[in-house]
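I set down here what I looked up in this structure, entry by entry.

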Amino acid sequence: MDLEFHRQRKRLQRLQFNSGAIMVQTAEFIFADGPAIDPYEPSKADLRDWGTWLETVINAFVTGGSGRIYISKAQMDSDLSPPQYTMAWVIADPISVNNAGIYQKAGAPGTGSWGRASDLPFGFIIATDVGAGTPNAIKATTTLPVSQSALVWLSIFETNTGSPVTIQFNTDSVLTVKSNSGGDIVPGGLVGGTIALGIRLGSTFRLVSDQTSAAFQALIEAARNDAESFANLAMTAANTAITGATQNDLGTHTALSALSVPAGIQVAYLSGYTTVGDGGAKHIKRVASQPAGGGVRSADRFLPNGTTDSTNGGWWQINDDEVNLLQFGAKADNSTSIYSAWQDARAFLGSTGKRLHLPLSGTGIYYSNPASGSLDFRGITVSADPGVSIRGLVRFDSDASYGSDIPLKYDDGAGTTFADTFFMPRADNRRSNSKENFIRHGDLDRKAITPLDFNNSSYPPVKLTFSSGDTWSADASTTLSADSKQIALANDDQMRASFAPVMGGDEISVAFYSGNYVKAGIIRFVGGYVCFYANAAAGVLRTKLVGSAATEVTNLQWFGLADNPAWKPDKAQWTIRIHDVNTWSLLFNGMEIIRPASTPGPIIDAGFGMLGVASVAGAMSYWTRTRRKEAAGQSPMRLLIVGDSKSAPQTSSWDKYLKEAIDGSFGFRVWNIYNQAVAGSTSAQQLTALLANANLASSTHVVIDVGTNDGQGSGAEPTLDNIRSMINACNTAGISNGRIVLVATDLWYTRTESGGVGFNAGPNDGHALLRAGIRKLAGVRGCPFVDLTEVLTAIRAADILQPLVVDPLVRDNVHPTVYGAKLRADAIAKALISGSAREMKRKIATSQFSSAQFLNGWTANAVPPSYSVSEDGLVVLSGKMNKGTVAEPVTIMSLPANLRPPQSREYAARISNGAVCVVYVQPDGQVILSSFPSTVATYVSLDNIVYQLD
C-alpha cells in the first residue's frame with residue numbers, strides 16, 4: 001500500500017509540473033493507466049517533448065503576435081484573413097465543447113479553411129458540482145471546455161447511492177464515471193465533500209485513483225491546494241495569450257453587453273468602441289462592481305473570483321496605462337459632441353490617476369456641444385497628437401496639466417468664439433538643475449513713476465492761439481484738481497494745455513474724456529513746438545517754428561483706428577515718449593503710433609492740450625511721468641528680406657527663426673515676412689525685384705543681405721551703389737534708415753577648399769572690401785549693421801568633411817545649417833529691434849543756450865554759454881556771458897524748464913578782472929547775478945555751476 005501511495009503521489013507531482021504542455025504523443029497515451037497493481041509510469045522523454053511543444057505554441061501567441069483567439073468555431077471560420085499556417089484557439093464554443101481546440105489555417109489570406117490540430121493546452125480544469133443533478137447523475141460546470149488532454153478537479157456535492165454514476169460537464173454529452181481500474185462506481189464510492197481527479201476518455205470520465213483507495217483519496221486531498229494553484233496559473237497563461245493576441249477577443253465595447261464571457265476570462269481585449277478599428281480599442285479587466293467612468297457590462301454576472309452576483313457581476317474596466325478619449329465613445333469629427341465621453345473619462349481618471357490622450361482621428365477636431373456644459377480639465381493630465389484641436393465651451397482652470405500643446409477654438413454657443421492654446425507646462429515642471437532663465441542686473445525693471453498734479457503751480461495751465469500763435473500765456477479758464485483738468489471749451493482757436501519738463505528717457509501719460517473736441521500731445525523745443533492732434537478719427541502732425549507758418553501732415557492712420565474703438569483718440573491712453581534731447585514718439589495704449597521723430601531744437605517740455613470746435617466740456621485726467629523705462633510698445637512689424645541663397649526660403653533659412661526671436665520683445669509682433677531673396681541673385685537683380693515689389697509699400701522694416709554672388713571676383717563699388725539705391729527706395733516708401741538692416745555676409749569655401757564637395761563657388765578673397773564698404777555705408781546712413789563674420793564662429797573646411805565630429809555652421813560649403821541659421825536670425829533680430837526700440841538717453845552733449853534765453857541785455861561771449869547733462873541727470877554749465885544791465889540783483893538768463901534745479905543754488909563765479917561775484921540759480925529757471933563790479937568787469941564765467949536734477 002505504501003508503494004502504491006508513493007507511485008500515485010509521484011505521478012500527481014509529474015502531472016502538476018508537466019500537464020501544462022501539449023503533446024507530441026497524446027495525453028491519453030502518455031497517461032495510460034496500465035494494470036491496477038502496477039500502473040504505468042509516464043515516460044520522461046514523452047513529457048519533455050510534450051512540454052516543449054506546448055511552450056512553443058504558447059510563445060507563438062504571447063510573443064509572436066501571430067496567433068488568433070476566438071470564442072466560437074463559427075467566429076473563426078468566418079475569418080479567413082490570416083495568412084497560411086496561422087495558429088488559432090477556439091476557447092468557449094457555445095454549440096459543442098468538441099469544437100474547442102487548437103487550429104491551423106490552410107490557404108492564402110481571404111481563402112482556405114481552418115483545420116483542428118489538437119486539444120487546448122489547459123492542464124487543470126476546475127469543475128463545480130453544486131447539486132444541479134442527482135448523486136448518481138452529476139451535473140458540473142467549468143469555465144473551460146473539458147477535453148481529453150485536461151485533468152479535471154471535481155468537488156463531489158453528494159455521496160452517490162447507485163451504480164453506475166454519470167457526469168455531464170456544462171451542456172456536453174453525458175459521460176459514465178469509471179474507476180481507475182475501469183469499473184463502475186459502486187454505491188458510496190464518491191463521498192460528498194471530497195475531491196476527485198479524472199480525465200475524459202471517449203464516452204467515460206476515468207478517475208485517476210480507484211474509488212476504494214482511501215490512501216489515494218487522502219493523496220487527492222493533499223494535492224488539492226497545489227492543483228488549485230496550478231489551475232490558476234494555467235488560467236492566467238491562457239488569459240495572457242488572449243490579451244496579447246492581435247485578433248479582437250470580445251469584439252467591441254457596444255457588442256460586449258450581449259456576450260456572456262466565461263468566468264475564467266479575467267482580462268480581455270476590445271478592438272473598437274462601436275466598430276472594429278474606430279480607435280476605441282482597449283484592454284479590459286473584470287472588476288467587482290461598476291467602475292467610475294469607462295465601464296462596460298457583459299451579459300454574464302461573474303465576479304473576478306468566479307462567483308456570480310446579479311448586482312455587481314459582469315463589470316469590466318479599461319486596463320491600459322494611458323487611455324484615449326475614443327475608448328470612451330468620443331469621435332473627432334467636429335460634429336458629434338464628446339461631452340458625455342469626456343465626463344466618463346474624467347471620472348475614470350479621477351479614480352485611477354491615469355492620463356488622457358486625444359489621438360489624431362477623423363478631422364482631428366473634438367467638438368463639445370456647449371448646451372451640455374463646459375469641458376472640465378481640473379485635476380487631470382491631457383495630451384494630444386499634432387493636428388488635434390478642441391472646439392466648444394471649455395473651462396480655463398489652473399490645476400489642469402497638459403502633456404502637449406492643444407489648440408482650442410472656444411465656442412460658448414452664444415456667439416463668443418476665439419482661438420487659444422492649452423500650453424504644456426515647461427519651466428514649472430523642470431528640475432532646478434535644468435533651469436535656464438535667470439533674472440540678472442540688466443533685466444531689472446527700474447522705472448520710476450511720478451504722479452503729476454494738475455493743480456501744482458510748477459505746471460501752470462497755458463493757452464495759445466493755435467492757427468498762428470507762438471506765445472503761450474496763462475489760462476485762467478480751467479478747473480484744476482490733483483487728478484484732472486476741466487475746461488469749458490468753445491470754438492475760439494485756443495489750444496489749452498499743461499506742460500511738464502522732460503528729458504531723454506521720460507514718458508508722460510494722460511487720458512482724455514470723450515467729447516467733440518480736439519485732443520493733442522505737444523512737445524515744446526527751443527524755437528517752437530510739434531503737435532499731434534485728433535478728435536475721433538485720423539490725426540494731424542503739426543510743426544510750428546517761432547515766426548514761421550505751421551506745417552502739417554494730415555490724415556495719419558495707425559493700428560486699430562479702423563476696427564477697434566479703444567484705439568480712437570478719445571478712447572485711448574496717450575503717452576509722449578522722449579528718446580533723447582531731440583527725439584520723441586507718441587503712443588496710444590502703450591503702442592507707438594508716431595514713430596521716433598526729431599525736433600529742430602532741444603526738447604524742453606511736453607504736455608497735453610484741448611482745442612474746442614464747439615461749446616463743450618473737455619477734460620483729461622491721471623497725468624504721470626515715468627523715468628528709466630525701456631522703449632517698449634512697438635507697432636507690428638512687416639519685414640521684407642532682400643538677399644540671395646543664404647536668405648532664400650528653404651529648410652534651414654534664418655527667416656524661420658527670426659519671428660520666434662522677435663515676437664514679444666519690446667512689444668513687437670511680426671505680422672508678415674516678405675522674403676524676396678532668390679538663390680543665385682546678384683545685388684542688381686535684387687534691386688530690380690525690390691523696385692517692383694508691391695510689398696515694399698506696406699513693409700515697416702527691411703533686411704538687405706546681398707553681396708555673396710557679387711563678391712565672387714567683382715569689385716565692391718557696384719554692389720554698394722545697388723545697396724544705396726535699395727535704401728533710397730525704402731526711404732521713398734516711408735521706411736526710416738533706423739529700420740533698414742544692412743548685412744555683411746559671412747565667408748564661404750570653394751569646392752577645392754572643401755575637399756571637392758559642395759557648390760562650385762567662386763573665390764571670396766575680394767570680399768573684405770565689400771564688407772568694409774557696407775559697414776561704412778551703414779554708418780553714413782545710420783542703418784543698423786550686422787557683420788556675420790563676427791557673429792558666426794570660425795569654421796574650417798575640415799568641418800565640412802567631418803560633419804559627425806563637429807557641428808558645422810554650413811551644410812555644404814556655402815549655406816548655413818539650422819544652427820547657423822539660428823545664429824543669423826538672433827543677430828539680425830537684435831539689429832532690427834535696436835534700430836526701432838531706440839535707446840532712451842537722458843544724456844545731453846555740450847550744447848549752446850539759445851539767445852532767446854538771455855535777459856536784460858546780457859549776451860553770449862566768444863566762449864558761448866553752454867550746458868551738458870549726464871545720464872544720471874548732472875547739469876554742468878560752462879562758457880561766458882557779456883555784460884548787459886548791471887542793476888543788482890539782475891537776471892541774466894532763464895533756463896529751459898527741463899534744466900532747472902529742484903532747489904535754489906548759490907555759486908561763486910569768476911569775472912573778467914579775476915575777481916568773483918555771486919550767481920544764484922533758482923528752481924524757476926532764473927540765473928541771477930549779484931556783486932558784479934560793473935566798472936571794471938566785462939563778462940561773467942558760468943564754469944563752476946554744477947547741480948543735480950530730480
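Which residue of β42 does Ile641 stand opposite? I found Val703 opposite Ile641 in β42.

Before going on, I noted that this is a predicted model, in which local features need pLDDT of at least 70, side-chain atom pairs count only at pLDDT 80 or more, and totals for chains, interfaces and linings use all residues. Residues are numbered from 1 along each chain as its sequence is written, and side-chain values use heavy atoms, with hydrogens and water left out.

**Entry 1. The parallel sheet**

I took helices (H or I, at least four residues) and strands (E, at least two) as DSSP runs numbered from the N terminus; two strands pair if DSSP finds at least two bridges between them. β40 (residues 637-643) and β42 (residues 701-705) run parallel and are joined by five bridges. Both belong to an open sheet of five strands with parallel pairing, in the order β41-β40-β42-β43-β44. At its edges I found β41 (670-675) and β44 (785-787); each has a single partner strand, so one side of each is without a neighbour in the sheet. From one strand to the next, the twist averages 15°. For angles, axes are lines fitted to C-alpha atoms, for helices over the stretch in contact, and values run from 0 to 180 degrees between N-to-C directions.

I then looked up what packs on this sheet. Helix α13 (residues 818-836) does, touching β40, β42, β43 (740-744) and β44, where contact means heavy atoms within 4.5 Å. The direction of α13 makes about 135° with that of β42.

**Entry 2. A hairpin**

β3 (residues 101-106) and β4 (residues 113-118) pair in the antiparallel sense over five bridges. Tyr103 has Arg116 in β4 as its bridge partner. The two strands, β3 and β4, form a hairpin with six residues between them, and Gly107 in the turn has a positive phi of about 105°.

**Entry 3. The largest pocket**

I used a 1 Å grid over the protein atoms alone: a pocket is an open set of points where a 1.4 Å probe fits, with protein on both sides within 12 Å along at least five of seven lines, and lining residues have an atom within 4 Å of a point. Grid points are joined across faces, edges and corners, and a volume is the space filled by probe spheres set on the points.

The largest pocket has a volume of about 1200 Å³. Of its 44 lining residues, Ile604, Asp605, Pro896, Ala897 and Arg900 are the closest to its centre. Two or more lining residues come from each of β29 (494-501), β31 (517-525), β32 (528-534), β38 (603-612) and β39 (616-627). β29 gives the most, with three residues.

**Entry 4. Backbone details**

I recorded a cis peptide bond between Ser163 and Pro164, with omega about 0°; Pro164 is in the loop between β7 (151-155) and β8 (166-169). Another cis peptide bond joins Glu888 and Pro889, with omega about -15°. Pro889 lies in the loop between β49 (880-882) and β50 (890-894).

Asp493, in the loop between β28 (484-489) and β29, has a positive phi near 60° though it is a residue other than glycine. Asp493 is partly exposed, with a relative accessible area of 26%; buried means under 20%, exposed over 50%, and partly exposed in between (1.4 Å probe, protein chains only). Asn856, not a glycine, has a positive phi of about 55° and lies in the loop between β45 (844-848) and β46 (859-860). I noted Asn856 as partly exposed at 42% relative accessibility.
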